[in-house]
There are 4 protein chains.
Amino acid sequence: MKKVKVAILGCCGVLGQRFVQMLNKHPTFEVSALVDLYVGKKYREATTKWGKGSGGFDESIPNYVADMEICSADDIDRDVPLVFSGLPPNVAGPIELDLAKKGHIVVSKAKDHRLEEDVPLVIPEVNPSHLELIERQRKKRPWDGAIVCAPNCTTSIFTLPLKPVFDEFGVEEVVVTTMQAVSGAGYPGISSLDITDNVVPYIEGEEEKTRLESKKILGSIDKPADYKLASHCCRVHVIDGHLESIFVKTKQKADAEEVKRLMREFPGTGLYSGPKRPIIVRDEVDRPQTRFDRYAGEGKSPYVGGMSVTVGRLRNEVFGLSFISLGHNTIRGGAGEAVLVGELLEREGYV
Amino acid sequence: MKKVKVAILGCCGVLGQRFVQMLNKHPTFEVSALVDLYVGKKYREATTKWGKGSGGFDESIPNYVADMEICSADDIDRDVPLVFSGLPPNVAGPIELDLAKKGHIVVSKAKDHRLEEDVPLVIPEVNPSHLELIERQRKKRPWDGAIVCAPNCTTSIFTLPLKPVFDEFGVEEVVVTTMQAVSGAGYPGISSLDITDNVVPYIEGEEEKTRLESKKILGSIDKPADYKLASHCCRVHVIDGHLESIFVKTKQKADAEEVKRLMREFPGTGLYSGPKRPIIVRDEVDRPQTRFDRYAGEGKSPYVGGMSVTVGRLRNEVFGLSFISLGHNTIRGGAGEAVLVGELLEREGYV
Amino acid sequence: MKKVKVAILGCCGVLGQRFVQMLNKHPTFEVSALVDLYVGKKYREATTKWGKGSGGFDESIPNYVADMEICSADDIDRDVPLVFSGLPPNVAGPIELDLAKKGHIVVSKAKDHRLEEDVPLVIPEVNPSHLELIERQRKKRPWDGAIVCAPNCTTSIFTLPLKPVFDEFGVEEVVVTTMQAVSGAGYPGISSLDITDNVVPYIEGEEEKTRLESKKILGSIDKPADYKLASHCCRVHVIDGHLESIFVKTKQKADAEEVKRLMREFPGTGLYSGPKRPIIVRDEVDRPQTRFDRYAGEGKSPYVGGMSVTVGRLRNEVFGLSFISLGHNTIRGGAGEAVLVGELLEREGYV
Amino acid sequence: MKKVKVAILGCCGVLGQRFVQMLNKHPTFEVSALVDLYVGKKYREATTKWGKGSGGFDESIPNYVADMEICSADDIDRDVPLVFSGLPPNVAGPIELDLAKKGHIVVSKAKDHRLEEDVPLVIPEVNPSHLELIERQRKKRPWDGAIVCAPNCTTSIFTLPLKPVFDEFGVEEVVVTTMQAVSGAGYPGISSLDITDNVVPYIEGEEEKTRLESKKILGSIDKPADYKLASHCCRVHVIDGHLESIFVKTKQKADAEEVKRLMREFPGTGLYSGPKRPIIVRDEVDRPQTRFDRYAGEGKSPYVGGMSVTVGRLRNEVFGLSFISLGHNTIRGGAGEAVLVGELLEREGYV
């Protein structure tokens with residue numbers, strides 16, 4: 001079978017490295033272009049900080065890309081239908097637009113286009129049908145390519161377990177407090193002097209993202225979901241893994257045991273890079289814990305660890321439900337989810 | 001002027017050490033008995049881990065206690081009216097009862113008697129009038145002494161800034177997520193293998209305390225306050241300082257700027273160990289931070305740093321108010337608050 | 001082929017867990033007895049802290065032992081020739097003696113018998129011939145079993161790269177300063193309050209071990225090697241991995257490039273759990289680093305990561321040679337090395 | 001008495017902030033110029049990161065500088081005899097030269113001029129007489145001002161306790177391995193992703209500094225001291241405080257107890273910012289420890305904490321002596337030492 005050619009934008013950064021790793025020995029995707037600033041250099045020369053910006057990386061750069069030359073976005077061939085973007089915010093916007101105009105489908109982890117009305121914002125297990133927006137997007141803009149976004153890491157990690165609750169009981173109010181990893185700020189990112197023995201209770205722009213993105217994902221393609229959400233996003237001293245404290249007021253009374261069952265039965269996509277069980281529910285009183293559960297996830301890909309979200313401490317509280325949700329911010333909340341969106345696009349016939 | 005004689009129970013532990021430090025050169029209290037298991041040893045011999053279980057300690061044991069001999073609770077003289085208890089939970093209960101029977105007034109940091117109906121649970125700036133319960137307690141039991149409690153650290157740190165909101169606007173619902181320091185678990189307490197690069201989203205018994213204690217403190221001596229409170233208590237990798245994310249639904253609409261003003265104007269007690277401003281409100285978008293703000297507090301005592309609570313990110317959210325509150329768990333949330341209760345008892349004529 | 005039955009002493013501790021993991025799907029060893037205090041419990045019930053005391057563990061307890069019942073040392077069958085001991089010091093001594101008397105060959109990670117004259121202290125790549133001491137031991141004691149020891153973690157990590165230097169140029173003086181991981185102290189081990197933002201420049205008994213054990217290993221079975229060694233053993237805030245600063249005065253002038261070549265060519269054992277290259281030499285100016293290099297090692301076993309020692313900054317200094325050596329203290333310096341000794345015993349026909 | 005006017009170069013950086021703090025309420029120095037890039041801004045506006053790059057800072061910027069305007073080096077008045085330089089390396093060199101030409105005496109913490117033959121490199125307790133080089137410098141260059149340097153932090157922390165050993169017994173060889181704090185790399189400096197759960201065994205240029213600077217300090221103004229020194233400089237995860245493992249081969253046999261006595265009796269300078277006892281020797285087997293001993297130091301200034309070096313584990317080893325030395329890198333090894341040099345210059349009549 002012929003593989004689908006793909007390109008990676010921002011291939012040397014933390015997200016780019018994760019794309020490179022997750023696409024290593026991929027059964028249906030074949031990396032044919034690596035895009036970053038160091039045009040003309042070999043990937044191994046340009047990526048001197050391989051594995052430094054997040055954990056769980058193979059010890060060395062995969063052979064399949066080591067000697068590939070970095071190119072510019074303009075160099076991506078017409079016959080590369082799919083482009084994964086790990087570009088930084090603001091940089092991403094115009095480059096992604098340009099590639100969509102040229103006929104590529106861009107799957108982006110950047111925030112720039114996420115909230116545009118005709119851009120699907122997709123967690124493959126939660127709202128795969130939002131890909132229909134591609135049709136609308138192509139009519140409106142008009143172009144042959146497309147821009148499809150994966151949500152912000154923090155949003156993804158609580159919206160996934162919120163989905164079965166939302167579907168079965170309805171949601172009125174959500175209160176979120178996050179304890180996020182330093183890898184979320186990229187590399188070098190957070191100074192050791194700023195986070196050692198410290199908590200920083202603010203991450204620029206993050207709280208707005210949790211609010212707007214989760215409603216878009218749980219809503220229809222015509223209208224965001226209608227609930228109230230407030231959040232505090234905090235940085236704590238962990239390398240990887242966002243742990244989130246969630247309180248939910250449901251429309252109808254939700255029994256904790258029933259919710260656990262629904263979460264456990266919540267189906268995976270069956271796609272190569274997706275976990276069999278997207279939501280793992282633990283009954284121990286003190287789980288999930290960041291260091292011990294961030295690599296949860298089983299499935300076909302050797303890189304599936306970190307693609308499941310782990311839920312714990314799920315119980316009925318005075319207002320309704322409360323639970324802890326933990327996910328790996330650079331895998332489930334990062335490149336892993338974008339790769340999964342790419343695989344969904346392939347299955348749905350877009351590429 | 002003659003000083004009031006005081007005893008310290010559990011003098012060698014983290015709380016006990018803090019009592020020892022805060023009572024160093026105290027203008028009206030004089031430590032005349034040190035109680036711990038190592039009866040007969042000198043304090044300097046028994047306290048080999050001075051300053052290890054929390055930060056901000058003087059480099060060495062204060063001279064005034066260094067050569068004092070440890071005694072047992074039975075050895076406390078009749079003429080010592082005030083006893084500070086830093087005993088561990090469950091151990092504290094019967095010993096404190098016994099001392100109250102003998103006529104001492106015990107100010108305890110242990111949970112054992114906190115929720116008993118006739119035991120005042122006091123934050124001196126918030127509910128000093130609850131000391132009236134002593135009268136009721138003496139009638140009921142009957143004894144000449146008394147048991148008075150200071151609240152759990154976590155409770156103290158959010159209940160203090162909640163007080164002006166409660167008084168002015170009324171409170172319907174509170175959602176609390178905490179990021180607590182390892183020193184809260186005592187010494188040696190939390191293993192480095194359990195908290196390095198990790199968050200533990202559970203602390204035994206802590207969530208119930210936040211719920212029951214805050215309502216008792218904000219209520220009258222006859223009835224707890226009537227609001228709903230849900231909480232998640234988490235341990236993060238900081239040495240000292242509990243940072244808490246708070247969401248409040250008020251009965252009447254509370255404007256954030258008005259709330260800031262009320263908090264800033266919230267009066268101190270004027271007592272020796274209390275801060276001039278119990279609540280410090282910061283306007284920077286990323287404060288308070290644990291390492292930089294945990295020693296906030298100005299006042300008469302050289303040990304007043306850590307007695308103020310710092311509030312930040314105060315704003316109106318969809319449900320009402322939200323803010324971050326930070327306090328030092330072994331000072332404001334620990335021995336410091338108990339010393340302040342002792343000083344309040346002195347001013348009110350109980351000792 | 002029939003597998004060799006083996007038992008694990010102290011199977012629930014950090015070392016015991018590592019034995020369990022390294023023997024998972026082992027081609028020639030079959031775990032037939034698990035020994036610990038919780039006699040009668042299933043392994044999964046007794047090992048509630050699986051994976052907590054060190055990193056790199058599979059997410060859950062391997063199936064092959066999960067339902068096996070813990071037994072006592074007395075319950076080990078006669079037909080189990082090989083016993084791996086992860087018992088704590090002082091506890092280990094008499095139990096291991098007893099098992100040797102009963103005819104078992106005990107491979108121990110405990111210090112108790114390491115320095116006895118007739119006990120082989122073996123790093124399989126360095127001094128496999130020391131197994132000859134078994135003969136002498138059996139004559140002297142007399143028994144049919146044997147006690148064979150693997151060295152202390154710290155010793156192992158510098159003695160392995162010292163071996164080719166010792167053989168080729170001779171060694172006169174060695175100065176060692178270590179920066180050791182908290183997992184070396186077991187679980188719960190080091191309090192977070194003792195190591196956060198701290199270095200502890202002392203580990204009880206460790207410096208003497210580095211001195212005596214390395215000379216025994218590099219010497220003949222009749223006489224320890226003759227050089228001077230001084231060391232400072234320090235604890236730093238890393239989870240796993242001992243990084244060691246080494247200065248060596250050689251008898252004959254040793255050229256740094258030649259030493260690098262000798263280290264790189266230093267042969268592995270060819271055994272299942274051993275790395276192809278026991279010593280990895282890196283040329284980058286800032287490697288090895290603890291977090292990035294502690295899992296170095298390639299070979300047949302899926303658990304071989306952590307079995308290589310990584311050397312870096314190798315250069316000629318005023319006195320001779322200096323370099324940094326890094327190894328995983330609970331794998332190369334722990335159960336991994338003991339398993340390797342077990343495999344060597346099998347190849348040499350002892351079991 | 002009229003105070004000596006001083007200027008601070010690089011006043012907004014970590015060292016600059018420390019100068020500002022140590023000169024707060026200084027009895028004989030008066031800060032009259034603050035130099036940094038943000039010319040025209042008030043100090044409080046320009047220094048938004050006050051206290052972030054190292055610990056032990058007062059909570060807020062001292063009043064005396066808060067509203068002072070930043071100026072450029074060219075704006076320093078002729079009547080300011082003394083200039084403290086906390087400029088970064090390479091930037092410092094030409095600016096300091098220029099100021100010396102204009103007649104100012106510059107006390108610099110930058111490396112740029114340290115090793116020039118006619119520039120005194122001074123630890124006031126160790127080699128105050130090296131100030132004589134100023135005369136030679138003024139003849140050679142020729143100018144009316146002067147450049148005087150304080151050594152690199154790492155050098156200072158081991159050279160101070162080495163001095164009484166050098167004087168009494170002579171030194172042949174020194175082996176140094178350091179465990180240095182992240183604050184040594186400035187702010188933001190070291191990424192949290194580079195040092196969490198890690199040791200980095202390399203700091204650019206540091207090892208050469210330890211070698212050349214210590215010999216210049218312990219030598220005469222005509223010739224460096226003659227001994228061999230080798231070192232490994234490592235970065236560990238502590239905020240402040242360099243802990244150093246030292247092995248010394250002395251010319252004459254040095255008894256450990258005698259060395260302890262000599263170190264304890266080693267005299268302070270009597271200057272305002274200097275500690276009464278520059279070297280504190282501890283007998284406990286596990287001290288000094290970075291977090292607990294880095295603020296050692298007693299004296300006249302309220303900012304003297306961190307000006308003493310703490311020595312421990314001093315003993316005779318096979319080669320001679322070994323010990324651990326710990327000092328605060330941004331105080332004793334930083335601005336504190338430069339201030340002390342300034343006070344020495346004042347006492348000796350240079351300003």
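The model is predicted: local features need pLDDT of at least 70 and side-chain atom pairs pLDDT 80 or more, whereas totals for chains, interfaces and linings use all residues. Residues are numbered from 1 along each chain as its sequence is written, and chains are lettered from A and ligands numbered from 1 in the order in which they are written.

Of the interface residues of chain C, 100% are also interface residues in chain A, so the copies meet through the same surface (contact: C-beta atoms, placed from the backbone, within 7 Å). The contact between chains B and A takes 33 residues from each of them. On the side of chain B that touches chain A, at least two residues each come from β7 (171-180), β8 (228-235), β9 (242-250), α10 (290-293), β11 (309-317) and β12 (320-327) (DSSP runs numbered from the N terminus: helices H or I, at least four residues; strands E, at least two). This side has 17 nonpolar, nine polar and seven charged residues (nonpolar: Ala, Val, Leu, Ile, Met, Phe, Trp, Tyr, Cys and Pro; charged: Asp, Glu, Lys and Arg; polar: the others, Gly among them).

Conventions. Contact = placed C-beta atoms within 7 Å.
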